[in-house]
Amino acid sequence: MSVNALYRDDFYLSTAEAVVAAIHEDGGIELDQTCFYATSGGQPGDIGFFERADGSKIALGQTKHGATKDIIIHVPLEGETRPAVGEKLVLHVDWPRRYRLMRMHTACHLLSVVCQYPITGAAVGEDESRVDFDMSETIDKDEVTAKMMALVNENHPVFVQWITDEELAANPGIVKSKNVRPPIGLGRVSLVCIGENSVVDSQPCGGTHVSETQEVGAIYIAKIEKKGKENRRFRIRFGAPTDEA
């Protein structure tokens, strides 16, 4: 069934009520609505727990998409009790983890502003993220760090605008990634915009992000690795370069 993915309109929603819509043979749970982000676009899905009416909890180890993007499956940890179809639950996202991922994902966008090369891959992590660029140039990681931190400290607003699938198809140039398709197929596509009137950046992305760049906090480029003749992998970490052992 098509789920109402609440996180698409509110990245800061960490708890919500929902009704169990279906239970898969492997124990996966579908709900009528959810605030749990499903793994997509290099960002891991949420974990957390469901609270039942009697106060007991169902711990979740994974949130993923089903056969299509409008299906979201919540996977309990092994041995957890299964709820019943029609049962009402209170959903609790592991917020500290989600918020770190939101900060990191926003940092990846800032890196793409500083390094304006086609993106060939990306993975968002709690402590380190990587972004791969189609580039052969040599670039100084401390200079990139300084430019990213300038964007953080300028505290630009980060917000979402919605366009239709057709509008995206008519403007393919706004897509920075060479290999990852934007989140299409739902009738509308979210553009993550940075800066007043999108002056800093605007690109299709279905992930979760903070609402202003200063929330990202201190970040730095730990490494720039050569991955082939025309591919460079940038590793982003929280903290400052002096934190490197």
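Modeller: A charge sits over a ring if NZ of Lys or CZ of Arg is within 6 Å of the ring centre and within 35 degrees of the ring normal. This is a predicted model, in which local features need pLDDT of at least 70 and side-chain atom pairs count only at pLDDT 80 or more, while totals for chains, interfaces and linings use all residues. Residues are numbered from 1 along each chain as its sequence is written, and side-chain values use heavy atoms, with hydrogens and water left out.

Colleague: What lies over the face of F238?

Modeller: R103, at 4.2 Å from the ring centre. K57 lies over the face of F49, at 4.5 Å from the ring centre.

Colleague: Why is the pair of Y7 and Y37 called edge-to-face?

Modeller: Rings of Phe, Tyr and Trp (its six-membered ring) pair if their centres lie within 6.5 Å; planes under 30 degrees apart count as stacked, over 60 as edge-to-face and the rest as tilted. For Y7 and Y37 the centres are 5.2 Å apart and the planes 70° apart, so the pair is edge-to-face.

Colleague: Why is the pair of Y12 and W95 called tilted?

Modeller: Its angle is 45° at 5.9 Å centre to centre, so the pair falls in the remaining class, tilted. Y12, W95 and Y99 form one aromatic cluster.

Colleague: What makes Y7 buried or exposed?

Modeller: Buried means under 20% relative accessible area, exposed over 50%, partly exposed in between (1.4 Å probe, protein chains only). Y7 has 2% relative accessibility, so Y7 counts as buried. W95, with a relative accessible area of 26%, is partly exposed.
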